[in-house]
Amino acid sequence: VYVDGDSEFGEYPWQVAILKKDPKESVYVCGGTVIDPLHIITAAHCVKTYTPYDLRVRLGEWDVNHDVEFYPYIERDISNVMVHPEFYAGTLYNDIAILRMDKPVDFHKHPHISPACLPSQYDDYTGARCWTTGWGKDAFGDYGKYQNILKEVDVPIVGHAQCQRQMQQTRLGYEFKLHPGFVCAGGEEGKDACKGDGGGPMVCERGGSWKLVGVVSWGIGCGQIGVPGVYVKVSHYLDWIKHVTQRF
Ligand code: 4AZ
């Protein structure tokens, strides 16, 4: 996350770290969001090259270098990696994937871990202020550093037409069409998701609960004024999400 602040412990209990198993130690791959006792939503581009055996997830993590004594993180192996069947790596269309864990998480036993809600299909969040979180870089490019403490940044949701205009103006140099499965947020100087935040949550509070409105997908640089970050629009994929998660 570009600039902004450290989160507090337990403030984003749905935040997940997706790790690649390595002979020596796990390597951080991407962010993710827990949505029910068995399932994690992330970005397809994060997991498309992996089998379930390659990955594990860590829930309840906050400061990578220090454990909070009474609330340790927990880890789960993965039994299924379900990439959206129409994910297209060239354009990142339908950049959404769901991981199924090998055994359910008991949210009562781990009060610092709890799921984010799914948004409803027709809710419009344009203009709402929402929160993106992650351990990603604090600046674009080589000098940006990955973070040890989970960072948060507030971003306004930008409407589809405005985002289309802003992205086209950003020296793309080709005819750009914003796919309906994306939602944009940000465009304020220094407040953005950045490299390493991919797959992680963008949540908005509505009706007394936190809704997973977006999944960090891509952007042009980070934190440039007038250039929002691009997120997977979760409400666009509710049928697919329900199809692969129900009856489990
Ligand atoms: C990335 O590389 C990335 N500013 C994620 C989000 C944004 C840019 C890059 C949005 O994962």
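**Rings, pairs and a barrel**

Phe9, Trp62 and Tyr71 form one aromatic cluster. The model is a predicted one.

Reader: Happy to start with rings! How many aromatic pairs does the count come to by this rule?

Author: The count comes to 7 aromatic pairs. One of them joins Phe176 and Trp218.

Reader: What makes Phe176 and Trp218 an aromatic pair, and is the pair stacked or edge-to-face?

Author: Ring centres have to lie within 6.5 Å, and planes over 60 degrees apart count as edge-to-face. Phe176 and Trp218 are 5.9 Å apart centre to centre, with 75 degrees between the planes.

Reader: How do you know whether Phe176 is buried or exposed?

Author: Buried means under 20% relative accessible area. Phe176 has 10%, so it counts as buried.

Reader: And what is Trp218 called, with its relative accessible area of 21%?

Author: Trp218 is partly exposed, because the class in between runs from the 20% limit for buried to the 50% limit for exposed.

Reader: Why is the pair of Phe182 and Trp218 called edge-to-face?

Author: The ring centres of Phe182 and Trp218 are 6.0 Å apart and the planes stand at 75 degrees, so this pair is edge-to-face. Phe182 sits in strand E10 and Trp218 in strand E12, 36 residues apart, and the pair links these distant parts of the chain. Phe182 itself counts as buried, at 3% relative accessibility.

Reader: Now charges. What makes you say that Arg58 lies over the face of Tyr73?

Author: For Arg, the CZ atom must be within 6 Å of the ring centre and within 35 degrees of the ring normal. Arg58 lies over the face of Tyr73 at 3.9 Å from the ring centre. Arg100 lies over the face of Phe248, at 3.3 Å from the ring centre.

Reader: Which strands make up the closed barrel?

Author: The closed barrel has 6 strands in the order E2-E3-E4-E7-E6-E5, with antiparallel pairing. From one strand to the next, the twist averages 40 degrees.

Reader: How do you know that E2 and E3 pair?

Author: Pairing needs at least two bridges. Strand E2 (residues 15-20) and strand E3 (residues 27-36) have 6 bridges, in the antiparallel sense, so they pair. Val16 stands opposite Gly32 in E3.

Methods:
Residues are numbered from 1 along each chain as its sequence is written. This is a predicted model: local features need pLDDT of at least 70, side-chain atom pairs count only at pLDDT 80 or more; totals for chains, interfaces and linings use all residues. Side-chain values use heavy atoms; hydrogens and water are left out. Helices (H or I, at least four residues) and strands (E, at least two) are DSSP runs, numbered from the N terminus. Axes are lines fitted to C-alpha atoms, for helices over the stretch in contact, and angles run from 0 to 180 degrees between N-to-C directions. Rings of Phe, Tyr and Trp (its six-membered ring) pair if their centres lie within 6.5 Å; planes under 30 degrees apart count as stacked, over 60 as edge-to-face and the rest as tilted. Buried means under 20% relative accessible area, exposed over 50%, partly exposed in between (1.4 Å probe, protein chains only).
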